[in-house]
Every structure is written in C-alpha cells, then in structure tokens.
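Subject: Structure handover

Hello,

My notes follow below it.

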Amino acid sequence: MIKHTFAGGTLDRAAHLRADEEWIRERLGDSQSRFLPLLGLRPLTRGLERLRLAWRRGRRAREAVSSGVTKVFLGLEGESAHFAIDLDSAGTDAPGLARRLAGRSCEYTPVRAAAGRLTAPEAAIVAQARSLLGWHATHGYCSRCGGPTEATEAGYARRCSDGECGGPHFPRCDPVVIMLVYRGDRCLLGRSVRARRYPPGLYSCLAGYMEPGESIEEAVRREVAEEAGIDVGRVAYHSSQPWPFPSTLMIGCLAEARRDEIRLDPEELEDARWFSRSELRQALGRWREGAGLRLPPPITIAHQLAAHWLEETGQAH
C-alpha cells in the first residue's frame, strides 16, 4: 500500500478541542507545548542528511506566541499540544523573530526540498501547517461584506468581525484529478505549458481541477479530452495525495484511452506523447538527472502512478 509524501500523519488532530478557547489558551502557555515556526511558508528544520522539524518551546516560543502571530493547533502527541506559527504575520518584527527562533543551527527549508528528507509523519505535519497558514494569509477579509475576519476554532475557521455579518469561513481544499492514460503497452505523458519554467525533458501525467457538479470519472475524461483530444473509457481510482501548494487533494487514477491520435490544446500542453514501458522505466530511474526524458520525483503522485502502472503490467522499474 502506497503512503504518499504529505500523507501518513500521526498527530491526533483532536478536533473536539478546537472550540475550547480556555483549553487552547492554556496549551499556548504550557511549557510542554511545541511550536513549529514557518517563514515564507517554509518550516524551521535542523540537520543535514537526517532532516527533522525544529520544534520550539520555552521562552522563545512564548515570545513568538505573544507577538500576535497567526497560530494553528495541529494536534496532540500524547499530552503535548503541537502548533504551527506564521512568522510573516508578525510584520516588521518577522525577520528578527525568525532569526532568534532559528538560532545558529536551524534554517527555514523550502517544502519541496524538505519533503523527501523528512519522516512521513513530519512531512504530513508540514502539509497541514503550510496549507492552513497559507489560507489564513489570503483570507483576511470577508467574502460576503468585505469586512476584516479573525481566526477562530484554533485556526480552523475565520469569522467576519462585523457584528451584522459575522460570516464564518473555513479552509478549502481543492480537488485535482491526475491520471496516467494508457493504451495497450504505452502510456501518455504531457509537458504542461506551465512546465516551461521546469527542466528540459520533464514530462508528467495529465491533471486538472475538478469542476462543480462533476464526478471523478467525468473530470478525468473531460481533462484528457480537453488537453490531448483523446477519448477515455475505463477510469480506475488508484490513491490520493494531499499537496500543500497551496492546498489541493490530488486524486490519482488510471485511465484507458480508446484511441491513439493526439490533438493538443496549445493553451494547456506544450507537448504530449505516447511512451513505451521501457521509456517510462528509464524516465523513472533518471528523475534526478538533467538529460533525457524524466518524470517528477518520488514525492509526487505522478511518479507513483507511473511506477504502479509498470508493476501492474509486469515491468517494474
């Protein structure tokens, strides 16, 4: 069973405690509580080969909490409460606060660089923290009346501060279908127009956001038809992956094509081709290299879908 990067969290999210303001307030001042600082949505980490999250507690953590930064309750590990704090929300105090919390031995590591080097539970914590703090940073005003909002429910909601409105707002998670399209012993990979900023030779599975009033199967068929002009018949669900950029749920599927001819949508795809199992196997193996066909790294569901298809067809890489 595949455990995707950013899944596999082990914290008890203790949702029933989020509305208990007194309990949350006590935990914020508890010396045993642990705080994960993020700067630019990058978590504070320590270590080189064995990267770990650099949790903070004690005086420096309390200094950060009392500065008015955005705080989110992540969950419990035993009796210890875990929180994420957004240092950017400290405004002009953010750089100094970030330096003091990091000290000499820790740094704020980009999430993509950290994900493959953290343990699965810690990568899941980063996804939870990054998605929630990113949502808070972009939802400071009410979509109903335009008034300012304030965080509630220990960071899992915001409420309009206008007494006449008081509209509640909740974090969103956008569903995205991502599919490995196959026909016989070949599979379809594309190079997104947006991938022009990525390395040469990088191809991936087709993907797209689901639309309202659409099933997963319908979204898969629509996206493949729109981007590559190919009709899809059978669609099989494979697995899902939380993807905190900013906050999506990648729904992985295998999709069987009914024909071979490709008609590209130039607004979506720079290129799309059919690849043999042998070519796909080589691409999976050289994801780190700078030349030739390659796929996204193992932290992505696209990589795992391709590996699964090879295994299912008797050609594991």
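Start at a strand pairing: Tyr182 has Cys187 in β11 as its bridge partner. Bear in mind that this is a predicted model.

β10 and β11 run antiparallel and are joined by three bridges. Two residues sit between the strands of this hairpin. There, Gly184 has a positive phi, near 65 degrees.

β11 also pairs with β15 (residues 269-276). That pairing is antiparallel too, with seven bridges. Within it, Leu189 is opposite Arg273 of β15. Five of the seven β11 residues are buried, so the rest of the structure largely encloses this strand.

Now the largest pocket. Its space comes to about 1100 Å³. The lining has 39 residues. Nearest the centre are Ser192, Tyr198, Ser204, Trp243 and Met250. By class, the lining holds 22 nonpolar, seven polar and ten charged residues. Which strand gives the most to this lining? β12 does, with four residues. Elements that supply at least two residues each include β10 (174-183), β11 (186-192), α6 (216-228) and α8 (301-312). β13 (232-243) and β14 (248-257) are also among them.

Last, helix α3 (residues 94-102). Its buried residues are Ala94, Gly96, Leu97, Ala98, Leu101 and Ala102. Their cover includes β1 (34-39), β2 (42-46), α2 (59-66), β5 (80-86) and β6 (106-108). Gly103 follows α3 and has a positive phi, near 65 degrees.

Best regards

Notes. Residues are numbered from 1 along each chain as its sequence is written. This is a predicted model: local features need pLDDT of at least 70, side-chain atom pairs count only at pLDDT 80 or more; totals for chains, interfaces and linings use all residues. Side-chain values use heavy atoms; hydrogens and water are left out. On a 1 Å grid over the protein atoms alone, a cavity is a set of points where a 1.4 Å probe fits but cannot get out, and a pocket is an open set with protein on both sides within 12 Å along at least five of seven lines; lining residues have an atom within 4 Å of a point. Grid points are joined across faces, edges and corners, and a volume is the space filled by probe spheres set on the points. Ala, Val, Leu, Ile, Met, Phe, Trp, Tyr, Cys and Pro count as nonpolar, Asp, Glu, Lys and Arg as charged, and the others, Gly among them, as polar. Buried means under 20% relative accessible area, exposed over 50%, partly exposed in between (1.4 Å probe, protein chains only). Contact means heavy atoms within 4.5 Å. Two strands pair if DSSP finds at least two bridges between them.
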